[in-house]
Amino acid sequence: MPEVNGPQRLGGWTRLVTARPRLALLAALVITMLAVFAGSGVADRMGSGGWEAPDAESTYTTKALEREFPASQPNLLLLVDSGGASVDDPAVAAEAARLTERLAGEKGITGVGSYWQSKSPALRAEDGREALIAARIEGDDKEMGEVLDRMAPAYRGVHGPVEVSVGGPVAVRHEMQTIIQEDLLRAEMIALPVTLVLLVMVFGSAIAALLPLGVGIVAILGTNAVLRGITELTDVSVFAQNLTTALGLGLAIDYALFIVRRFREELSAGADPREAVGATLRTAGRTVLFSALTVAVSLAAMLVFPQYFLRSFAYAGIAVVLLAAAAALVLLPAALVLLGPRVNSLDLRRLLRRGEGRSAERSGGVVRGRPGGHGEPSESAAPAEAGSGRGWGRFAALVMRRAPVFAAATAVGLVLLGLPFLGVKFGTADDRQLPASAESHVVQQHIRDGFPGSPGGGLEVLAEGAATPAQYAEYRDRIAGLPGVLRVDGPVTAGRFAYFSVLPDGESVGEGTQRLVQDLRAEPAPFDTSVTGTAAVLVDSKHAIADRLPWAVGIIVVVTLFLVFLLTGSVLIPLQAVVLNALSLTAMFGAVVWVFQDGHLSGLLSFTSTGDIETTLPVLMFCVAFGLSMDYGVFLLSRIKEEYDRTGDHERSVTFGLRHTGGLITAAAVILAVVMVAIGTSRVTNTKMLGLGIALAVLMDAMVVRSLLVPAVMKLMGRVTWWAPAPLRAFHRRFGLSEGESVPVTAEDMSKDAPERERVTSGA
């Protein structure tokens with residue numbers, strides 16, 4: 001039976017990881033050094049795009065235009081400012097012509113054109129003081145970045161009567177990649193020392209505080225090596241490195257906190273180091289394993305989406321979660337066996353404990369308490385932790401006495417916080433992700449403000465197949481008459497291919513322009529047509545996400561239900577966990593819209609609001625935040641289930657669970673929030689949104705949902721919480737993991753518990 005075999009298996013695992021602790025740590029050191037070498041330069045191999053669906057019509061059309069008409073898809077723009085003179089001034093025109101000719105001779109650059117060659121009004125500012133030179137840099141992100149680094153310094157700055165600034169999509173992506181790497185380094189420099197201070201405050205012992213940090217560093221370095229290998233096989237977004245740092249530190253610290261805390265409890269109860277490690281792995285180790293699986297599943301769900309931006313976070317997230325769990329379950333036990341009681345060394349709270357001891361002696365109190373049974377720390381061994389536990393126990397009792405009030409008020413409050421998300425508008429990432437002072441952002445802003453039409457927001461219609469000039473002209477006249485069309489240029493032909501440029505009358509990604517994309521695709525033609533452009537990419541991205549989102553949510557929900565059932569043996573607790581987890585995310589989504597879409601606090605947080613949210617961000621934030629919420633949920637439920645298996649007392653078990661994990665979960669949440677806020681100091685808006693949004697979700701989950709809503713709901717449900725039909729109870733006895741003897745809930749128990757539930761519901 002599982003109750004017999006489980007501990008034996010875990011005991012065998014304990015012997016395996018602690019038999020040669022020094023050898024295990026040495027091997028880990030060697031592997032970590034190899035990971036440092038293998039992961040070096042990973043950022044240089046990453047891309048900064050990936051928002052578009054690779055199998056979408058807009059993606060196909062863009063690639064075809066790049067191949068057949070390179071000049072139609074410029075990704076490099078030189079903004080030429082003539083100062084007080086007109087761009088048509090002979091001296092300005094001569095210098096611009098020289099720059100254009102020089103750019104055309106650069107290696108790796110094609111499709112060079114300028115206002116002074118074509119006299120196109122779209123390339124000339126309305127005030128006549130600025131004009132554009134456009135070109136295309138060939139190659140992948142790395143090759144384009146190298147070309148830009150080589151040529152940009154020679155063109156940027158003053159050239160005779162003109163001043164040149166470098167912009168365009170290539171410059172935006174390259175500058176974004178550079179800023180992300182710089183910001184990530186700064187975030188690590190902020191997060192590491194602050195995290196260490198918080199860990200010392202949690203543990204008191206400097207030695208115990210260093211252990212979680214070490215686990216996190218191993219997870220981050222290992223994940224960088226994994227990502228370096230993945231870049232050899234597929235595209236990976238540079239944004240994924242932020243998740244690597246955040247989850248590498250956050251989850252590794254969560255897991256190590258839980259294991260080290262339980263190990264210290266077992267030591268204080270009188271166990272020797274090996275026995276303490278064994279008990280820790282049977283309890284906290286199992287919880288860490290389940291937590292890692294639930295978080296990994298939430299992140300793995302992003303693999304169903306075609307955009308490599310989302311898939312990259314799945315690669316990084318799965319790797320860092322599994323490595324953090326592996327380090328916590330292999331390296332940490334080996335270190336704890338070697339340290340033993342020395343894990344409490346360099347205890348900065350020793351003076352406080354001595355002061356409390358002398359005070360208790362003077363008042364006749366008992367200082368040396370009985371070692372806590374069943375993993376409870378003794379008062380003398382950990383007075384601060386015990387005091388904190390008593391406080392959480394009293395808090396749980398208060399919440400359960402007023403369970404209907406706390407449940408209703410908390411649920412309503414969370415729903416209200418999420419209401420702004422009902423007004424969400426989806427868009428695409430552009431240069432406004434960058435700081436306002438970034439050169440490529442400045443160039444694009446000048447184009448938006450000073451050039452006619454909707455620069456960067458035009459649509460291209462690709463025509464494939466044999467056609468006569470009359471057929472092209474007839475088709476152009478028809479699409480020019482569509483609602484929302486300002487102007488149609490073209491066709492530009494090359495063999496069996498041609499394309500038309502359609503300038504929309506409105507915002508580049510507005511609702512009207514998105515409808516125009518659908519109208520252009522529906523317009524009949526005597527040849528094959530396809531549409532691309534910023535709005536077309538958005539339409540296709542929204543369609544790809546909407547098409548795959550049910551699958552992603554379904555995977556997360558089904559696997560989460562199954563894993564939580566294996567942990568608890570109840571069919572109601574998994575449902576409760578999923579619903580409460582989803583409810584904990586409402587504040588995050590409401591804040592994202594209120595702050596980043598609507599622009600509130602944009603001055604304080606130093607970002608430019610675009611009036612919309614990048615389409616993939618809510619999906620990413622949901623998967624990450626849901627996984628982290630389950631992380632804390634598993635921690636709490638495991639201790640509740642452990643006590644319920646031992647006593648069969650439902651209310652005592654809930655109080656016990658919150659008493660023994662409330663402070664730990666809060667400390668872990670604060671530490672993870674610090675890491676996410678450090679990520680949120682980024683100058684790139686999407687990274688800022690991700691960091692601050694996840695930080696808010698984590699704090700709301702730990703301090704509101706786990707502290708208020710979970711105990712209140714479990715009180716209202718009573719012992720029916722643990723109900724499962726007979727076939728599933730048999731399945732859990734055979735395949736589930738449990739500590740001690742379960743106390744099954746029968747129909748008789750449910751009927752006995754009904755009056756209590758009615759009394760609680762009525763507020764008695």
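Helix 18 (residues 534-568) and helix 22 (residues 617-647) sit with their axes 11 Å apart and pack at an angle of about 10°. Angles under 35 degrees count as roughly parallel, so helix 18 and helix 22 are roughly parallel to each other. Keep in mind that this is a predicted model.

Who touches whom here? On the helix 18 side, the contact residues include Ile 545, Leu 549, Val 553 and Ile 556, and on the helix 22 side they include Val 619, Phe 622, Cys 623 and Phe 626. Sorted by class, this contact has 13 nonpolar residues, two polar and one charged.

Now for helix 11 (residues 308-339), which crosses helix 9 (residues 240-268) at roughly 30°, with the axes coming within 9 Å. That angle makes helix 9 roughly parallel to helix 11. The crossing of helix 9 past helix 11 is right-handed. Among the residues making the contact are Leu 243, Leu 247, Gly 248 and Leu 251 of helix 9, along with Ala 316, Gly 317, Val 320 and Val 321 of helix 11. What does the contact of helix 9 with helix 11 look like by class? It has 20 nonpolar residues, four polar ones and no charged ones.

Helix 11 also packs against helix 2 (residues 21-39), at an angle of about 135° and with the axes 9 Å apart. That makes helix 2 oblique to helix 11. Helix 2 passes helix 11 in a left-handed crossing. Pro 21, Arg 22, Ala 24, Leu 25 and Ala 28 of helix 2 meet Leu 331, Ala 334, Ala 335, Val 337 and Leu 338 of helix 11. By class, that contact has nine nonpolar residues, no polar ones and one charged.

| Helix pair | Angle | Axes |
|---|---|---|
| helix 18 and helix 22 | about 10° | 11 Å apart |
| helix 9 and helix 11 | roughly 30° | within 9 Å |
| helix 2 and helix 11 | about 135° | 9 Å apart |

How many cavities of 30 Å³ or more does a search of the whole structure find? There are seven, and the largest cavity has a volume of about 90 Å³. Residues lining the largest cavity include Thr 428, Gln 433, Phe 596, Asp 612, Glu 614 and Met 689. Strand 11 (613-614) and helix 24 (685-717) each supply at least two residues of this lining, and helix 24 gives the largest share, three residues. The lining of the largest cavity divides into four nonpolar, six polar and two charged residues.

Key:
Residues numbered from 1 in each chain as written. Predicted model: local features only at pLDDT ≥ 70, side-chain atom pairs only at ≥ 80, totals over all residues. Heavy atoms only, no water. 1 Å grid on protein atoms, 1.4 Å probe; cavity = no way out; pocket = protein on both sides within 12 Å on 5 of 7 lines; lining within 4 Å. Points joined across faces, edges and corners; volume = space filled by probe spheres on them. Helix = DSSP H or I, 4+ residues; strand = E, 2+ residues; numbered from the N terminus. Nonpolar A, V, L, I, M, F, W, Y, C, P; charged D, E, K, R; others polar. Axes fitted to C-alpha atoms, helices over the stretch in contact; angles between N-to-C directions. Parallel < 35°, antiparallel > 145°, perpendicular 65-115°, else oblique. Left-handed = near helix turned anticlockwise from the far one by under 90°. Contact = heavy atoms within 4.5 Å.
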